[in-house]
Amino acid sequence: MRNPDHIDRIRQRLDQLRAFDSIPGFSRLYYDLIAARIADLPVDDAGVGAVFARYLEHELRFHRTLSALTEDDPISLDDMVSLADKRRIALEEVLDALERLRAGSDAAEATRLLVVAECCYHLDASERVVSYIERAIELGADDPAFHFALGYNRFALAEQAYTALDADTRETVVVDIEGYRAAMLDAVSAFEAGLSGGAMDVHIYRWIGTCLSNAGFDEAADHAFGHAGADDEPPENWDAESPRRAPRSLEALPAITAEEVRKVGELLKGTHTIADIMGDDEA
């Protein structure tokens, strides 16, 4: 038995949200996958669907208001701050409801965590996003899109934790090189787990290439971009903000160790040789 009320509300809100260009393509995919998971839950777990429907209603209100404010003139700073505050309050209300839910199965709990992660993403809480998506994947949320989301947020967290703006040059620099490199390889691990031979692979390979390049594995990065069919093209960003790429202190990276070479080889499932990773002159 299913709860058609919540499912119908979700589908209706998703259809309405498709009218707004302000919603990134990846978010649409993520919402569709959550909706599909909710449709498979038993009526005992209808609470997850009810809260997700409420989340979509808040998002619909946000994007409608944003569209109205930007229809004729550029949005004012005061209007933008007010709109952001209202969205934050709505997200926190949804989070509170989700935290009070008790899921009756692993599938429902994974779905709850995916919605929690989306709320935290919009609240700029990358560390919480990573933690919730990791747990959802452990509970069986194994779609490539969820691995992509984990990789993207591990990447964003690495940028936040290990880089800073140089006061003199105004360029982004790495402040903890070893930590940054390890975090980039963790992001690669998440992205690589999402490779499935499907349409999303081109996006995943571009992000793998970006992370490997940022970590100093230029040859492996070139091969990843080659798999994407766009060696010199930056990764397509499916989300609202473009992440910072290639901090300027990369020339200070220490020599790549044998252990790091081994780890990259494992991450890429043997599709690259040591020569690919290090470059022919260094293999």
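The model is predicted, so local features need pLDDT of at least 70 and side-chain atom pairs count only at pLDDT 80 or more, while totals for chains, interfaces and linings use all residues. Residues are numbered from 1 along each chain as its sequence is written, and side-chain values use heavy atoms, with hydrogens and water left out.

A search of the whole structure for disulfides, meaning pairs of cysteine sulfur atoms within 2.5 Å, finds 0. The sulfur of Cys-119 has its closest cysteine sulfur in Cys-120, and because 6.8 Å separates them, they are too far apart for a bond. Cys-119 is buried (under 20% relative accessible area, where exposed means over 50% and partly exposed lies in between, with a 1.4 Å probe and protein chains only), its own value being 0%. Cys-120 is likewise buried, with a relative accessible area of 0%.

His-147 belongs to helix H7, residues 144-162, where helices are DSSP runs of H or I with at least four residues, numbered from the N terminus. Leaving aside residues up to four places away in sequence, His-147 is in contact (heavy atoms within 4.5 Å) with residues including Ala-190 and Phe-191.

Ser-189 lies in helix H8, residues 177-193, and is partly exposed at 28% relative accessible area. Although Ser-189 and His-147 are 42 residues apart along the chain, their C-alpha atoms are separated by 9.1 Å.

Technical notes: Helix = DSSP H or I, 4+ residues; strand = E, 2+ residues; numbered from the N terminus.
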